[in-house]
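Student: I am new to this structure. Please show it to me, and then let us work through some questions.

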There are 2 protein chains.
Amino acid sequence: MPNTLYLPELREMLAEQNTADLREFCTALHPARTAEFMEGLTAEEAWAVLRYADMPLRAEIFGFFDEDKQVEIIETIDKAEMADLIGHMPPDDRVDLLDEVEPAVVEDLMPLVPDEERRDILRLQAYPEDTAGGEMTTEFARLSEEMTTEQAIEHIRRQAEELETVYYLYVLDDKDHLRGLISFRQLLMAKPGTKIADLMERDIVTVNVLDDREDVAAKVDRYNILAIPVVDDEHRLVGIITHDDVIDVVREEATEDAYRMAAVEPLDEGYMESPFWQLIWNRGIWLTILLVGAVLTAVVLQPHQETFKEIPWLVLFIPLVISSGGNTGSQSATLIITAITIGNISFGDWWRVVRRELLMGMVLGGALGMVGFLCAFILLRAMPAIPDIPDMTAMEALHAAATIPITLMLVVICGTLFGSTLPLLFHRLGLDPALMSNPFVAGIIDVVGILIYMQVLYSMQLV
Amino acid sequence: MPNTLYLPELREMLAEQNTADLREFCTALHPARTAEFMEGLTAEEAWAVLRYADMPLRAEIFGFFDEDKQVEIIETIDKAEMADLIGHMPPDDRVDLLDEVEPAVVEDLMPLVPDEERRDILRLQAYPEDTAGGEMTTEFARLSEEMTTEQAIEHIRRQAEELETVYYLYVLDDKDHLRGLISFRQLLMAKPGTKIADLMERDIVTVNVLDDREDVAAKVDRYNILAIPVVDDEHRLVGIITHDDVIDVVREEATEDAYRMAAVEPLDEGYMESPFWQLIWNRGIWLTILLVGAVLTAVVLQPHQETFKEIPWLVLFIPLVISSGGNTGSQSATLIITAITIGNISFGDWWRVVRRELLMGMVLGGALGMVGFLCAFILLRAMPAIPDIPDMTAMEALHAAATIPITLMLVVICGTLFGSTLPLLFHRLGLDPALMSNPFVAGIIDVVGILIYMQVLYSMQLV
């Protein structure tokens, strides 16, 4: 929701070209808050306000606008001014942003961006979006081994404005190979005159530029670090990924998994921002696959049509039986997919997982069976009379209701087994276990559940 | 999976009491890696190795052990040594850890922990686990407004070892009220001799000590900050929450939501670590609720038993119809729950959301209807003859199959509407929208789907 508190004041200041107040507005608050207060402005108005901020601050406030607003400003405001702004944005953010801007606009802009920045943009654009290269920034603090602590502090002080973080400093040789790492805190605590080479850590956690960004996030999380260095195959430092980007990755990957588990093909943008037909496609493709799969339920029911005529009450419990199996299966799938994602279990654990789920299926199936039996018995006894359908005696109802616990027990066990083994199998095959979506697992259990239910009915010689 | 590469060497070093090599092992690697190499050791062995590390490093390596290993060590090793270690652990981590240790052991330990640290532990333990207070650490860098930059740098240098982060410095008055914030980078770049009061930012993003940790994570994410100050109702600074804890919160909350959406009551620990009966309870409670709810499907089917006898083919499509509605509902619920969690939509947007979902339901329902019609027609025509059930003519099959697209259309629309409005409603009522789990939404649609299906059948005068 846009914060509209200050909009009238802001517009008045703009109309009066009130330099003092507009400068004050730009500098007084945290840039993110300044951006929030400007949400209700048009692209032109927002830019008119930003002109009163110095460039580094201007780029920072701009970075806190919604992506849509950023794109709108870039596409409508003077190209030369925009190129200047882009030159001052963090390297990783501007690459992501330019991806969203009309290609024709980007083509006009790029020649106006300073040479060095433009080369940097082109280099970063070459990396796939979901790799370390696609997330990293190229503005990191470099030191050499020969520097003393004082020289290093002075060196960093001079370029502090430019850097994404000054708190981790990377020690490179003259070929850009990563030789060591030193934190600003270590620098601060060291004896004056110490050489960087004697101070730096040499065992450094790194990621390769083509590593999956999910693995990058897991490493940063595991090692509790502020930033992780990204190296190429020759161990040259090409960028760093900072903690704030890691939070975004964790969030995005969690959302992606949630979508997959609900059989929605992941979206590039949020729900409200995604185009209508994109959503239709990302949902429809899976719904259609699931619907065609569900035809199997009709196929396995088909040979039993005569039985529906003979014992019509059997139909009442079909949805109940299959949904119990499906729910159990979804639970198992979610538990296992989450555990795989966090890295707690892998295919090697399949026997421990299956044994656990089998036992759990037996206990849960037993419990649900008892509840189901009671419900079925009450329902069969209490239901109002229907012409042509003879009332059941208590004995008959008891006998009929007894099919439910046996069926539920078996169906729930199948639910836990399928729900746990299928994600493990997908993971083993190198596929995303979350593809083994809950509706998919539930769909399989629906078919199996019907087969089990009919078999139990016949075995109990009710037919 | 434990890294067992160095275990034999480590055990040999221990047997030989090889001080030089054991010290080297403790210091050469990143503490997280050192901890990984020690995973295969028993609690006694691990502690024997750690004795060769100086206390700050010892506490750090210990912090990277699995929680189970940490608890085991605390419960088996000499209490005085443990109390010393606990005194050196980060305040937030040790409180979380002590929660997991046997109360009797904690009781023995606490009197041995230095006074100041013990008071700190007791103070932090008082905050609920899912609040800012439950996540924060109390070791932050304090400055006063009168200091100059040099004094401030010297002040921080002296206590750098103790602090969780030296990169954000908090300016307090003599009553501990938070007056301002300054980053180490700003300190570094400032003109020598500048007063902190002239340099510090006064518009600071803070959280209250009782704020939900999910809101805390959202704020840190939004403002891209390294650490967020936690204040009490009097705006006194009581702690800070650092970026690494925020990553953990984001991960844990995402897992919690995934569990809720699959109707598993969230677990305190991972799947493999959770006790069997805990899992049974957390799954069983929801399965039972859903099963009892599913009895409604039997109730709404009950009056139609005679119809099953007259047109037994109607039964074939019950699972297909209700699963399509349920799947659409799960998709909508997941999309909306995710958007609410990220903060993209709120109850105020309900009309935009409902309109969007209604349209989407019509398009998706139309598409699925066509596929469903084709499948139903083929099935009705192609199914093998069954004694007592007369074969359908092409016209009859066409007429029968025509119920499917109409039903699917209506059921899918209900799916999108229920799936989108129920989470919004829950959110509005102050409940976790993820409680509106996918199985729960699907269960409601099952009942509605059956009602719609039977109504469509009767309306088409097939009966």
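Student: Is A:Glu75 buried, exposed or partly exposed?

Tutor: This is a predicted model, in which local features need pLDDT of at least 70, side-chain atom pairs count only at pLDDT 80 or more, and totals for chains, interfaces and linings use all residues. Residues are numbered from 1 along each chain as its sequence is written, while chains are lettered from A and ligands numbered from 1 in the order in which they are written. A residue is buried if 20 or more other C-beta atoms, placed from the backbone, lie within 10 Å of its own, exposed if 12 or fewer, and partly exposed in between. A:Glu75 has 16 other C-beta atoms within 10 Å, so A:Glu75 is partly exposed.

Student: Which residues does A:Glu75 touch, not counting residues up to four places away in sequence?

Tutor: A:Glu75 sits in helix H6 (residues 67–76) of chain A. Helices are DSSP runs of H or I, at least four residues, numbered from the N terminus. Contact needs C-beta atoms, placed from the backbone, within 7 Å. By that test, A:Glu75 touches A:Val101, A:Glu102 and A:Val105.

Student: Is B:Leu364 buried or exposed?

Tutor: B:Leu364 belongs to helix H21 (residues 350–382) of chain B. Within 10 Å there are 27 other C-beta atoms, so B:Leu364 is buried.

Student: Which residues is B:Leu364 in contact with, leaving aside its neighbours within four places in sequence?

Tutor: Look in chain A and in chain B. The contacts of B:Leu364 are A:Ile280, A:Arg283, A:Gly284, A:Leu287, B:Thr328 and B:Val412.

Student: Which helix of chain A gives the most to the side that touches chain B?

Tutor: In total, 102 residues of chain A are in contact with 101 residues of chain B. With 16 residues, the top contributor on the side of chain A is helix H20 (residues 318–342).

Student: Are H20(B) and H23(B) roughly parallel or roughly antiparallel?

Tutor: Helix H20 (residues 318–342) and helix H23 (residues 403–428) of chain B pack with their axes 7 Å apart, at an angle of about 30°. Axes are lines fitted to C-alpha atoms over the stretch in contact, and angles run from 0 to 180 degrees between N-to-C directions. Angles under 35 degrees count as roughly parallel, over 145 as roughly antiparallel, 65 to 115 as roughly perpendicular and the rest as oblique. H20(B) and H23(B) are therefore roughly parallel.

Student: How far apart are the C-alpha centres of domain 1 and domain 2 of chain A?

Tutor: Chain A is divided into domain 1 (7–126), domain 2 (141–243) and domain 3 (276–459). These bounds come from an automatic or database domain assignment. Between the C-alpha centres of domain 1 and domain 2 of chain A, the distance is 30 Å.

How values were computed:
Helices (H or I, at least four residues) and strands (E, at least two) are DSSP runs, numbered from the N terminus. Two residues are in contact if their C-beta atoms, placed from the backbone, lie within 7 Å.
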